[in-house]
Amino acid sequence: MANKAVAKPKKKTVRIIIRHLVLTLLAAIWLFPIVWLVVTSFSGYSGINLTHFFPEEWTIQNYVNLFTKRTAACNFPAWFKNSFIIGACSCIISTSFVLMVAYAMSCMRFKARKGLMSFSIILGMFPGVLSMIAIYFVMKMFGLTNSIAGLIIVYSGASGLGFLICKGFFDTIPASLREAAKIEGASELSIFLKVVVPISKPIIVYTVINSFLNPWMDFVMARLMIRSKDAADWTVAIGLYNMLQRSLVGEYFSIFCAGGLMIAVPISILFVIMQKYYVEGITSGAVKG
Amino acid sequence: MKKIKKYFSDFGTAVAKGDIWTKLSLVIMGAGYFGRKRFMKGLLLTLIEIGFFVFTFCFSWEYIAKLGTLGTVQRKEELDLVTFKKVVNDYDNSLLILLVGIIGLLVVLAFIALYISNMKAVYNAQKLEEAGKHVNTFREDLKELINKKFHITLLTLPSIGVLAINVIPIIFMICIAFTNYDKDHQPPTYLFGWVGLENFKILFSSGTTVSFGYAFPRILAWTLIWAAVATFSNFFLGIFLAKFINNKNTRLKKLWRTLFVITIAVPQFVTLLLIGKMFGNYGIVNTFCNNIGLTGFLQNIGLVSKGLSYIPFLSKPGWAHVMIILINIWVGVPYQMLIATGVLMNIPGDQLESAKIDGATEPQIFWHITMPYIMFIMGPSLITSIVGNINNFNVIYLLSQDYVTSNMKFANSNAQEIDLLITWLFRLTNEESNFKIASVIGIITFVICAVLTLLSYTRMISGEKEEEFQ
């Protein structure tokens, strides 16, 4: 009897240990490339180190180079500035578009509502890559290729289509809240700005993060739109992608790692602060989305 | 049908029964408002009308007129023997004709709609005046825009954006699928024209030099397999990981979660390029495998051919297919885990409690309560992510940087074994300027996504399932 009583907790302890060992193994797999990214960014050797995981020589020269070096293939401060302007502007425009459309679709009742909603769902099913070429031609016609303004328009123009999740959230806001405001004599505009927007924090955070990250991380569209050979016109994504070209990778790989890490910093900060809202935003929209 | 009939008959009555001002609106759109002393509104509408006619007849009409042929005069450069300068003739640019023609036609359609609704509005104003009621002033109309007609204010700008960035390009590319716009027909130097369904035939036929008929079904199959496997592997592994971390026996839950979430923070294109380099033919992973003798072992059991001194992780079909799915799991699972964590936390506690009291085991609870609940909440998003994976450009494109196909039949049609429809489409446009076939592929991709979405909407949304968990 006594033996059994002792054995049971022991078995449990073993299982807990195994559970944590499995988690450690998984975490190690998941962190392996990230750690490689971090250590390589401190590597004294500028190309890809093919034989050693950890660099033989540690230095912070890559970061110094990243922020000071100006060559035909490297101008990180300018890229960061371009990307940040594009990200911030399209984030503001996209978020307002999404909120506006979601409010109209969720809280207003008008004739074309259902039709517009199905139309937007159909539009969303066309592969983005297909229209990219045509967008390029349209932008070229207006002389907007090779410019930050053009990229902002491209990233935020069609953002109104992504209203579904936000609409799902607005649908959960009790209609009585809006009606009460209406009885008090509030216009739809002030209901939108003073009643609905203030209580929609999770979904706004979710939309803001998504609409900032989309242009911040995209490189296909940017590469198509920006054909300039001058490194100062590029975005972070184009610049970093360019560093891995076969002729450049030997010289720039460790700088690429440093740059990749630097653009991860703002995202991580954003995520850590907003994690709670972010998850809330996803799940709340999903229920009725 | 009835609605359309009413739409036009209303217009008819407005014309027939209108007074002189209303009838005058047929010519000058603002007239009806001038008659009721609403000058601002009248002026505005008249200005729109003038603007429309100037735009159409001074600019877009010559393009619209040529839409039928997409241009007939090819560009020619001639040396002017008097001035010794190169002279370019007044050539047609098929691309511009198509693009401006489409925009011009849309403008015409929009104007007709405005014209008809204006007639009705003017007639309405007339009736109101006859009944001795108040006709809204311009100021009152503006006030309406933040109240009853607030949706117009809200939707105008986003709609213009969607039109410009989404609708016009899509119409344009659909049109391209029915032309012969490719490497040999590039404006401005050359013209392209309509060819009907020719491109669809090319895609399904295979010859000696071009083999779209060979590549297409194979790429389509891989696209569908990829979409299904990538979606479901991420979905279930994400849920299991979330369950695993959320288990009451796990210490430091937050720490574990953060460790996985860190991988989301580094932008996808950085991690994918990095992993691509790690698993390259002479990358660091291959060095390790060589050192510990794995490469030799795989050669012995025949998984790696003897001629290679490395494991072709991302450079041979088969290996690359598996690796790409594994890497995609690496990319997607943390994200799915984050979502699943949020969903798991919201499971109604009383159901779990009562199940436990009834003596249900852990697996029973998982399969009969947790999973149905998760499926209910995340089911619709599952279809969205299948569609998303069909269009998952980044993973395939960034991981196939060093991939070179050795199959001539694929190479002839600019495809690779690991290409999805979407990356194939991109290669065709970006590297080969084969816009016609790319557009056809785009249309097919759209049809697949549309069918999937329609199926899911009828399956998931309809029925009484909506209230099950409320």
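Predicted model: local features only at pLDDT ≥ 70, side-chain atom pairs only at ≥ 80, totals over all residues.
Start with chain A, which splits into domain 1 (2-63) and domain 2 (76-288). Taken over C-alpha atoms, the centres of domain 1 and domain 2 of chain A are 35 Å apart.

**Where the domains of chain A touch**

Now pick out the contact between the two domains: 11 residues of domain 1 of chain A meet 11 residues of domain 2 of chain A. On the domain 1 side, α1 (2-41) and α2 (61-68) of chain A each bring at least two residues. The biggest contributor on that side is α1(A), with four residues.

**Between the chains**

Next, show both chains together. Their contact involves 73 residues from chain B and 64 residues from chain A. Select helix α7 (residues 150-176) of chain B, which provides the largest share of the chain B side, 18 residues. What kinds of residue make up the side of chain B that touches chain A? There are 51 nonpolar residues, 21 polar ones and one charged.

**Into the cores**

Time to look inside. The largest nonpolar core contains 149 residues. To find the residues with the most contacts inside this core, select A:Val101, A:Ala102, A:Tyr103, A:Val154, A:Cys166 and B:Leu425. Then highlight helix α3 (residues 76-107) of chain A, which gives the most to this core, 15 residues.

Most peptide bonds are trans, and most residues other than glycine have a negative phi.

B:Pro188 sits in the loop between α7 and α8 (198-204) of chain B.

Move on to B:Lys37, in the loop between α3 (31-35) and α4 (39-65) of chain B. B:Lys37 isn't a glycine, yet its phi is positive, about 60°. Is B:Lys37 buried or exposed? B:Lys37 counts as exposed because it has 10 other C-beta atoms within 10 Å, and the cut-off for exposed is 12 or fewer.

Finish at B:Leu252, in the loop between α9 (212-246) and α10 (253-265) of chain B. B:Leu252 also has a positive phi, near 55°, without being a glycine. B:Leu252 is exposed, with 12 other C-beta atoms within 10 Å.

How values were computed. Residues numbered from 1 in each chain as written. Chains lettered and ligands numbered in written order. Core = buried A, V, L, I, M, F, W, Y, C linked by C-beta atoms within 7 Å. Buried ≥ 20, exposed ≤ 12 C-beta atoms within 10 Å, placed from the backbone. Contact = placed C-beta atoms within 7 Å. Nonpolar A, V, L, I, M, F, W, Y, C, P; charged D, E, K, R; others polar. Domains from an automatic or database assignment.
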